[in-house]
Every structure is written in structure tokens, then in C-alpha cells.
Amino acid sequence: MGGKEIFARLLRGLQNERGVHVETLLCAAGALAGYACQAGLRSAAGAQGYSEKDVFTIVEAGGKKFYFGDHLNKPLCESQYSVWSLAAGAAQSNGCKELPDLHEIFKHVAASVGEPTFGIPRIPEGHQPGEKPVFFVKLMWPIFEPIVKEFCPDPFEWPIMFGSAIAQVLDFSKTVIAPDLALRIVMESAVPMSKVDLSAE
């Protein structure tokens, strides 16, 4: 139910007189899902009396902090219900034959920390989203956070809710964009946005 609510609100929020730009929708959904991994972990850790240094590996570059670590990777790409698992499963059910190289995306994100290229999806010309992923996190996370908490009191479930919404976005977009490219846009947005310090953006 929470995933359906997120999907519906994303559609409404990104719709204009020409409809919904699919690449922008995919970018926004991926960006929010990535950040939900960090936000959920931070909320759960805080409730148990842990500091961010207890759960994240913090890297400082370009005057900003970036968050890494195994705890963060689990909801993003390693658990059964991770953002990656849910998104990749939906893409494959829509005909995706070649999954993006997730290891390479992580490697690129780590190498670009503190650089102007950080957080910019590497997408073929003609398929660029309308804004950078961080734009959607800054704009939409404060709006979505109360909804997320209402549907998922357990912060560890926040990424699952967004993963469910991504699956619906991929279904929605399957007649407009190739599922392998759609999945790439999602993950090129999700991985860097799991790392950002939103308070510094």
C-alpha cells in the first residue's frame, strides 16, 4: 500500500501538460529509494542510541560528507528485498535481458565523491532526466517522509516501500523505454543518493 501511495504521488508531482517524462520519473524514484536506505538506517540507529559514526563509514571530500558501509549496502543492494533486488526483478519481468553492472556503478560513485560528476546519471543522450537526482531528494524527501513513517513505522522497511514503488514505475514505463535502460537510470540515481549528506546540499 505504501509503495502504491509513493508511486501515485510521484506521478501526480511530476505530471505536466505533456504528461510524465518517464526518465525523470525513474530518476526521482531511484533517488528517493537510495536516500531512503540512508534515512531508514539513520532513524533506526538513532532510536537505538547509536551515532552515525557507529553505522556509517564517513568520507569527507569537497567540503561535504558522504556515507558508505556494509550496513548501508544491505538495504540498497544486498538483501532479498533490497532496492536492487526489487528493481531488477521488476525489470526482468518486463523483458530486461542484460542487467547493469552494479559493481561498476558503485566503483564510479566512490571514485567521483567530491567531484562535479558525482550524482549525475551516465545515461545515453536523449534519455536524460529533467533534473539531477539530488534535486528530487531535496525537494521530495521532506514531503514523503511523513507518508513513509505512516505506512512503515519500522525504518528498516522504508527502502522496501520505495523498491515496491520503483517496480510500479518500471511497469508503468515498459512501453516507453527499454527495461534495461530504465533499470540503469534507477540505479545510477539510487546509488549516489544513498551516500549524500542532505543537510549540506
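Which residues of helix H6 (residues 102–112) are buried? Keep in mind that you're looking at a predicted model.

**Stop one: helix H6.** Select Leu102, Ile105, Phe106, Val109 and Ser112: these are the buried ones. They sit on the same side of H6, because they cover an arc of only 140° around the axis. In general, an α-helix has 3.6 residues a turn, so residues three or four places apart point the same way.

What covers the buried residues? Show helix H4 (70–78), helix H5 (83–93) and helix H9 (179–193), which are among the parts that do it.

**Stop two: the ends of H6.** At the start, zoom in on aspartate 101: one of its side-chain oxygens comes within 3.2 Å of the backbone nitrogen of histidine 103. Just after H6, click on glycine 114, which has a positive phi of about 80°.

**Stop three: aromatic rings.** The whole structure holds 8 aromatic pairs. Select tryptophan 141 and tryptophan 158, a tilted pair with 6.2 Å between centres and 55° between planes. Tryptophan 141 belongs to helix H7 (residues 133–151) and tryptophan 158 to helix H8 (residues 158–173), so their pairing ties together parts 17 residues apart in sequence. Both tryptophans are buried.

**Last stop.** Select arginine 42, which lies over the face of tyrosine 67, 4.7 Å from the ring centre.

How values were computed. Residues are numbered from 1 along each chain as its sequence is written. This is a predicted model: local features need pLDDT of at least 70, side-chain atom pairs count only at pLDDT 80 or more; totals for chains, interfaces and linings use all residues. Side-chain values use heavy atoms; hydrogens and water are left out. Buried means under 20% relative accessible area, exposed over 50%, partly exposed in between (1.4 Å probe, protein chains only). Helices (H or I, at least four residues) and strands (E, at least two) are DSSP runs, numbered from the N terminus. The arc is that of the directions from the helix axis to the C-beta atoms. Contact means heavy atoms within 4.5 Å. A polar contact is a pair of N or O atoms within 3.5 Å; within protein, one must be able to donate a hydrogen and the other to accept it, and residues adjacent in sequence count only if both atoms are side-chain atoms. Rings of Phe, Tyr and Trp (its six-membered ring) pair if their centres lie within 6.5 Å; planes under 30 degrees apart count as stacked, over 60 as edge-to-face and the rest as tilted. A charge sits over a ring if NZ of Lys or CZ of Arg is within 6 Å of the ring centre and within 35 degrees of the ring normal.
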